[in-house]
Amino acid sequence: MSNPVRPKLAAIVTACFKYSHAQHIVDRLLDGYGWNGTHHYPPMDLVSLYVDQVGSNDLSRERASRHSGMRIYPTIAEALTSGGNKLAVDGVVVVGEHGNYPRNEKGQTKYPRYEFFEQVVKVFRDSGRAVPVFNDKHLSWNWEWARKMYDTSREMGFAFMAGSSLPVTWRTPSVEMPLGARIGEALCVCYGGVDSYDFHGLETVQCMVERRSGGETGVEWIQAYRGDKFWEALGQGVWPKPLMDAALCRSHTLAPARPGFNHVFPAVDDMRRLVRDPVAYRYQHADGLKCTVLLMNGLVRDFNFAAYVNGRSEPWSTQMYLPMPDGRTTLASFFSPLVNHCETMYLTGKAAYPVERTLLTTGLTAAGVESLFRGQTRYDTPHLAIRYQPAKESTFWRT
Amino acid sequence: MLTRRGFLQTATLAAAAPASRPKRIAILATVYRPLSHAQHMGDRFLTGYPYGGAWHKPDMKVVSLYVDQKPEGDLSGDRAREFGFQVYPTIAEALRCGGGKLAVDAVLIIAEHGNYPRNEKGQTLYPRYEFFEQCIRVFEQDGRAVPVYNDKHLSYSFEKAKTMVQASRRLRFPMLAGSSLPVTWRLPPIDLPFGCRIEEALMVGEGGSDAMDFHALEGLQCMVERRSGGEAGVKAVQLLEGDAVWKAGDEGRYSKVLLTSALSRSDTPLGLTVEDGRTQDLVASGQLQNLAKKPAAYFIEYRDGLKATMLMLDGAIKDFNFAARLSGVPQIQATQFLLTPEPNVSYSACLMHKVEEMIEAGAAPYPVDRTLLVSGMLESCLTSKLQDHAPLETPHLNVAYKAPQRSQFAQA
């Protein structure tokens, strides 16, 4: 892909410290990263940076001192205009993850992604020009705001991409859901907290099931199960245990169920002992497909997917492999395919995969939280009637 | 003792007999303690392991165990009680399950870990050859031989390793050996095209000698053995250390482009990445030399002219990555051998699945000659180190073999 002009980018981030999302993304744009068997330097320049919270662990100043082409600005508007009065960049990356932001009564961290986005589009409007935007993770903790972000991007006609690295990272095994597959049920076993890694679990499932016959039809309802209700639901077979077992067999981090053993398959009693606060989100799509995301802290530290595909009784499964810098690695390389897709968007003006996926998973995350907040009752989601078709080409990391 | 002719007749008869289920396995281990190779591998036959998205239980039964040492944390007695087998005081008794005749269908020799002396080359003198010899004695005395898996290199000594492989040929039993690197997941999941022409190959790894350099050399070998003409053996080796490693790079003895490529697959750059999370182009920035304070380069010159280099870069990275340039292919082929984390170390399940394949099929899925050659490469490299890093001709490493065309690494 030859482009005579190097696009200029602005990064708008909440906080930039070691192993924060902003650090992973900004550093890849500035210092390059391993890609396709070489150290790849993006053919574009990150010229402006806005950091909302600069703490004692901040790295943005060190980065600016090493990269004279990048300036730090005190406001989002100045970052986008490079201190002038017109939009002066060709692409924007918004990273509203990490930093000290309040939580609401439902346990959602009020990261200012919507607020950042609004300021970005204000500059677009004032300048009469809009450029591609990448929004890290979900769109907003608040569904109405998320919907507005999506609608604005469509009204103004700029490329908009968002989401998690789960859909784009390595898979072990390296397999893709066949386009147009008939999916009976789908499930993800993963770890992490509510309004946090649950989003990654939902994106893990969605990037697979969106490829099913007919494409995505939206979600009608969701129900959360937590603690004792989780174990009851497991016992009652609310979600298929064979899918759960298959997903666990893709894990590289299965907590040993017995002392003295390194790798044994856990019985339900073992799971109950190992997992103190399990959470399940079970939801039904408009075409009837049922999906489940299981957050099982204490049992696994990875993201594993299983589904019934094309009428086969044997589960189809894989792991979305995150080389996690929690002692296992030092680099969160799963940000590399994410940044690479962003680069493609900035060069071509087209998103590599539909933002509707993340609009839906944003809504699902908020709806799951809502179901928990309402005493783990079924929560109808007529607002999630989001239909879309997936990217035909696979976009996960294979090269 | 049977004559060779008599042995072969008996062996043929034994092979013709209907296979009894489940297959009976003897494990011969140096130690069986938590996180030892014996536990990682032996337990797979006791509790099963994940394979292909299901929990797989081998249709095999461990019937006997021999452990050479019982350090603190020894699990052999607990395992025997729980899984209903016996720990025998000698290898012969383990193979005969206390009776008068060979009473197992396969043998696993897992002689890694434990307290054994080192020689002047820094090789730990694990008694793999000695364990194997005792198996051969039983096979010969009892007129029947069964498949043998030997974990890691065959022996610290190429001569002993060669004797082992010769014995397996003489007594016609399948034999598999080596590291899990060749069979674990790869990121990305690539193999070199079978019959390709390799211009140059390079491997990076880390960890001590002669434990981890063996793994790195096997990782290298399982890739290059797929080249046009098949494996031809090794003509010469040299091991360099310290600044001489960087000087060799400056002189073009290995390609810095390939080194950059291999390192681009690493998920574990150290130094500034550990400090503040940043990505690093370790070669271009010069950080590689700052981080790898005691580098070692293992130069391998093959008999067909291929030159390969394995760099041990302790302090710079913590994983194993490969890169090669093929004739007529602009894109460098590079991949990481994924060593999944403790305690699952699911890569050992990948390896045990290959052992199971051998026991079921009665044929090794890939030639033991790979491990024979790597055992010899490693020994000769360590001899070079001892002899002031002198280049050494290795006419004894004329180990030629054909790799299987079918890829053997984890993909399912």
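In strand 8 of chain A, Gly163(A) is the bridge partner of Asp136(A). Strand 7 of chain A, residues 133–136, and strand 8 run parallel and are joined by four bridges. Two strands pair if DSSP finds at least two bridges between them.

Before I go on: this is a predicted model, where local features need pLDDT of at least 70 and side-chain atom pairs count only at pLDDT 80 or more, while totals for chains, interfaces and linings use all residues. Residues are numbered from 1 along each chain as its sequence is written, and chains are lettered from A and ligands numbered from 1 in the order in which they are written.

Back to the sheet. It is an open sheet of six strands in chain A, with parallel pairing and the order 5-4-1-6-7-8. At its edges stand strand 5 (71–72) and strand 8 (160–163), each with a single partner strand, so one side of each has no neighbour in the sheet.

Now chain A overall. Its secondary structure comes to 11 helices and 16 strands. The C-alpha trace spans about 60 × 45 × 40 Å along its principal axes. The radius of gyration of chain A is 21 Å, which agrees with the value near 21 Å for a compact globule of 399 residues. That radius is taken over C-alpha atoms, and the globule rule is 2.2 Å times the number of residues to the power 0.38.

Chain A is divided into domain 1 (8–163) and domain 2 (168–321), with bounds from an automatic or database domain assignment. Their centres, taken over C-alpha atoms, are separated by 31 Å. Seven residues from domain 1 and four residues from domain 2 make the contact, where contact means C-beta atoms, placed from the backbone, within 7 Å. On the domain 1 side there are one nonpolar, five polar and one charged residue. For those classes, Ala, Val, Leu, Ile, Met, Phe, Trp, Tyr, Cys and Pro count as nonpolar, Asp, Glu, Lys and Arg as charged, and the others, Gly among them, as polar.

Next, a helix pair in chain A. The axes of helix 5 (residues 143–156) and helix 11 (residues 355–373) come within 9 Å and cross at roughly 170°. Axes are lines fitted to C-alpha atoms, for helices over the stretch in contact, and angles run from 0 to 180 degrees between N-to-C directions. The two helices are therefore roughly antiparallel, the term for angles over 145 degrees. Helix 5 contributes Trp143(A), Ala146(A), Tyr150(A) and Ser153(A) to the contact, and the residues from helix 11 include Val355(A) and Leu359(A). This contact has six nonpolar, three polar and no charged residues.

Chain B has a helix pair to set beside that. Helix 7 (residues 158–170) and helix 15 (residues 369–386) of chain B have axes that come within 9 Å and cross at roughly 170°. Among the residues in contact are Lys162(B) of helix 7 and Asp369(B) and Glu379(B) of helix 15. By class, this contact has four nonpolar, two polar and three charged residues.

Chain B is divided into domain 1 (4–173) and domain 2 (183–337). The centres of these domains of chain B, over C-alpha atoms, are 33 Å apart.

Last, the two chains together. Their contact takes 46 residues from chain B and 41 residues from chain A. Elements of chain B that each supply at least two residues include helix 2 (37–42) and helix 10 (256–264). The chain B side has 22 nonpolar, 17 polar and seven charged residues.

Methods: Contact = placed C-beta atoms within 7 Å. Parallel < 35°, antiparallel > 145°, perpendicular 65-115°, else oblique.
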